[in-house]
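This report describes one protein model for a reader who is new to structural analysis. Please look through the sequence and the structure shown below before reading on.

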Amino acid sequence: MLTRLHLLAAATAVTTTTLLVLAALSSALLDAHHAVDVRRAVLWALLVLVPALLLTAATGFRLADASTDPKITAKRGRMPYIAGIGLFLLTPAAFILDRLALRGEFGAVYLLVQTVEVLAAATALALMAGNIRDGLRLTGRH
């Protein structure tokens with residue numbers, strides 16, 4: 001049961017992060033009205049992403065227990081970075097970009113914050129991919 005919950009939470013986090021990247025990239029191609037809608041949707045997506053990240057970490061730590069397996073150690077080592085990116089880069093960026101979009105300010109600051117957001121999300125996805133790879137290797141599915 002715990003393993004399934006971990007897999008579900010991790011899949012939700014990866015899917016949500018991927019959708020956030022796609023939303024950010026698509027909002028750059030849309031007119032201002034639609035960009036505002038996309039930015040607002042990204043804020044709502046955080047209500048899925050943040051709990052999914054927390055649940056993934058909590059269940060992962062519970063499943064790993066006190067293991068010293070190098071794959072588990074690597075997964076443990078990546079989790080603070082994934083969580084930090086989500087909480088300290090993606091979340092503030094989403095709020096800042098929402099406010100800028102609502103004011104119609106799509107200039108240099110908006111583009112800079114959006115670039116940071118996309119790069120941060122891509123980095124989080126790469127770290128998540130490493131955790132998925134190691135998780136599959138641990139279960140013999142890789």
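Arg133 is partly exposed, with a relative accessibility of 33%; here buried means under 20% relative accessible area, exposed over 50%, and partly exposed in between (1.4 Å probe, protein chains only). Asp134 is buried, at 4% relative accessibility. These two residues form a salt bridge, with their closest N and O atoms 3.3 Å apart. The term refers to a side-chain nitrogen of Lys or Arg within 4 Å of a carboxyl oxygen of Asp or Glu.

The structure is a predicted model, in which local features need pLDDT of at least 70 and side-chain atom pairs count only at pLDDT 80 or more, while totals for chains, interfaces and linings use all residues. Residues are numbered from 1 along each chain as its sequence is written, and side-chain values use heavy atoms, with hydrogens and water left out.

The structure holds six salt bridges. Another one of them joins Glu105 and Arg103, whose closest N and O atoms lie 3.2 Å apart. Glu105 is partly exposed at 39% relative accessible area, and Arg103 is exposed at 55% relative accessibility.

## Overall architecture

The protein has four helices and zero strands; these elements are DSSP runs numbered from the N terminus, helices being H or I with at least four residues and strands E with at least two. Along the sequence the pattern is α-α-α-α. The C-alpha atoms fill a box of roughly 50 × 25 × 25 Å, taken along the principal axes.

Of the 142 residues, 39% are buried. Among contacts (heavy atoms within 4.5 Å) with a separation of 6 or more, 80% join residues 24 or more positions apart. The protein exposes about 8100 Å², and carbon and sulfur atoms supply 71% of this area, as calculated by the Shrake-Rupley method with a 1.4 Å probe, where for residues only the protein chains shown count as cover.

## Nonpolar cores

A nonpolar core is a set of buried Ala, Val, Leu, Ile, Met, Phe, Trp, Tyr and Cys residues joined through side-chain atoms within 4.5 Å. The largest one has 24 residues, of which Ala13, Leu49, Leu53, Leu90 and Met128 touch the most other members. Two or more residues of this core come from each of helix H1 (2-27), helix H2 (32-64), helix H3 (70-102) and helix H4 (108-139). H2 gives the largest share, nine residues.

Which residues does Leu49 touch, not counting those up to four places away in sequence? They are Ala13, Thr16, Thr17, Leu20 and Leu90. Apart from this core lies another, of seven residues, including Val36, Leu97, Ala101 and Tyr110.

## A link between H2 and H3

Asp98 and Arg40 meet through their side chains in a salt bridge (2.6 Å, N to O). Asp98 belongs to helix H3 and Arg40 to helix H2, so the pair, 58 residues apart, links distant parts of the chain. Asp98 is buried at 1% relative accessible area, whereas Arg40 is partly exposed at 34%. Arg40, Asp98 and Arg99 are linked in a network of salt bridges.

## The buried Lys75

Lys75 lies in helix H3. Lys75 is buried yet has no salt bridge, and the nearest side chain of opposite charge, Asp134, is 6.8 Å away; Lys and Arg count as positive and Asp and Glu as negative, while His and the chain ends are not counted.

A polar atom of the Lys75 side chain lies 3.0 Å from the backbone oxygen of Asn131. Leaving aside neighbours within four places in sequence, Lys75 is in contact with His6, Asn131, Asp134, Gly135 and Leu138.

Technical notes
Polar contact = N/O pair within 3.5 Å; in protein donor to acceptor, adjacent residues only side chain to side chain.
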